[in-house]
Amino acid sequence: MKCKLCGSEKIKKISIEDKYYYCENCELIFIEPNSFPSYKKELEVYEGHDNNHENEGYVRRFRNFINTLIVEHMEDIEDVLEFGCGPGPVLADMLEERGLNVVKYDPFFYPDVDYKNKKYDLITSTEVFEHFWKPKKEVEELIELIKEKAYLAVMTSFHPGFEEFKEWWYRRDSTHVTFYNLDTFKYLESNYPLKIIKTNNENGIIFQKE
Ligand SMILES: [Zn+2]
């Protein structure tokens with residue numbers, strides 16, 4: 001067993017449900033492939049999410065995400081990729097309202113892969129990284145699509161550590177298969193042309209490509 005992000009063999013099993021592994025090198029927590037959800041199960045969960053403009057909590061989280069991580073860079077941004085936008089692309093709409101050009105991609109709901117043909121001033125990916133089955137590949141593909149000096153803004157709940165993971169609510173969604181914390185993102189900073197420019201060390205982080 002190797003870490004799905006850094007490739008380290010320093011892996012510890014988390015003694016719960018016989019499927020979670022923790023990397024001592026980059027602190028990624030991941031699920032073994034046999035325990036991945038089926039396509040049908042994933043679709044069912046995503047369609048069941050109440051993710052639309054009527055859901056005030058959902059809209060507020062995105063407004064907060066934009067205001068704390070993105071707004072101060074707005075002058076540098078024109079072309080955006082909303083990667084994994086889901087069925088009701090609320091964040092994409094909010095960014096368009098601010099005058100940005102937003103390309104939407106979602107493997108289930110906006111599957112057109114034309115997004116790969118250009119590069120972006122900002123890639124947003126909210127509540128998506130935890131669904132990555134192959135985080136190394138996914139992250140590397142996203143980095144390729146960011147222009148020099150441009151941004152990657154990610155929302156995913158940072159895991160609380162090896163011991164606390166068992167009781168953590170966020171893992172209970174069966175489509176969540178990969179979990180990160182600040183050290184995992186620092187691993188990305190050290191090994192890819194990405195610099196962390198701001199994070200709340202809870203569920204949001206923005207990188208700039210170097
Ligand atoms: Zn690792």
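Me: At 1% relative accessibility, does Leu91 count as buried or exposed?
Reply: Heads-up: this is a predicted model, where local features need pLDDT of at least 70, side-chain atom pairs count only at pLDDT 80 or more, and totals for chains, interfaces and linings use all residues. Residues are numbered from 1 along each chain as its sequence is written, and side-chain values use heavy atoms, leaving out hydrogens and water. Now the cut-offs: buried means under 20% relative accessible area, exposed means over 50%, and partly exposed is in between (1.4 Å probe, protein chains only). With its relative accessibility of 1%, Leu91 counts as buried.

Me: Okay, which helix does Leu91 lie in?
Reply: Helices here are DSSP runs of H or I with at least four residues, strands are runs of E with at least two, and both are numbered from the N terminus. Leu91 turns up among the buried residues of a helix, along with Val90, Ala92, Met94 and Leu95. That helix is α3.

Me: Which residues is Leu91 in contact with, leaving aside its neighbours within four places in sequence?
Reply: Contact means heavy atoms within 4.5 Å. Zooming out for a second, what covers the buried residues of α3 includes α2, β4 (79-83), β5 (101-105) and β6. For Leu91 itself, leaving aside those sequence neighbours, the contacts are Phe62, Phe65, Ile66, Glu82, Thr124 and Thr126.

Me: Now α2: how far does the helix reach from its first C-alpha to its last?
Reply: Helix α2 covers residues 56-70, which makes 15 residues. The expected span is 1.5 Å times one less than the number of residues. For α2 the expected value is 21 Å, and the helix comes close to that, reaching 20 Å.

Me: What arc around the axis do the buried residues of α2 cover?
Reply: The buried residues are Tyr58, Val59, Phe62, Phe65, Ile66, Leu69 and Ile70. The arc is taken from the directions that run from the helix axis to the C-beta atoms. These residues sit on the same side of α2, because their arc is only 130°.

Me: What do the buried residues of α2 pack against?
Reply: One helix and several strands are on the list, so let's go through them in chain order. They are α3 (90-97), β6 (120-126), β7 (146-155), β9 (194-199) and β10 (204-209).

Me: Which residue caps the N-terminal end of α2?
Reply: A polar contact is a pair of N or O atoms within 3.5 Å; within protein, one must be able to donate a hydrogen and the other to accept it, and residues adjacent in sequence count only if both atoms are side-chain atoms. At α2, a side-chain oxygen lies 3.2 Å from the backbone nitrogen of Gly57. That oxygen belongs to the capping residue, Asn55.

Me: And which residue caps the N-terminal end of α5?
Reply: Helix α5 (residues 182-191) has Leu182, Thr184, Phe185, Tyr187 and Leu188 as its buried residues. At its N-terminal end, a side-chain oxygen lies 3.0 Å from the backbone nitrogen of Asp183. The cap is Asn181.

Me: How many aromatic pairs does a search of the whole structure find?
Reply: Rings of Phe, Tyr and Trp (its six-membered ring) pair if their centres lie within 6.5 Å; planes under 30 degrees apart count as stacked, over 60 as edge-to-face and the rest as tilted. The search of the whole structure gives a count of 24.

Me: What kind of pair do the rings of Tyr20 and Phe165 make?
Reply: Both residues are buried. Tyr20 lies in strand β2 (residues 20-23) and Phe165 in the loop between β7 and β8 (178-179), so the pair ties together parts 145 residues apart in sequence. The ring centres are 4.9 Å apart and the planes are at 75°, so the pair is edge-to-face.

Me: Which residue lies over the face of Phe162?
Reply: A charge sits over a ring if NZ of Lys or CZ of Arg is within 6 Å of the ring centre and within 35 degrees of the ring normal. Here the distance from the ring centre is 4.1 Å, and the residue is Lys12.

Me: What is the relative accessible area of Arg171?
Reply: Arg171 is found in the loop between β7 and β8. Leaving aside neighbours within four places in sequence, its contacts include Glu17, Tyr20 and Phe165. Arg171 is buried, with a relative accessible area of 4%.
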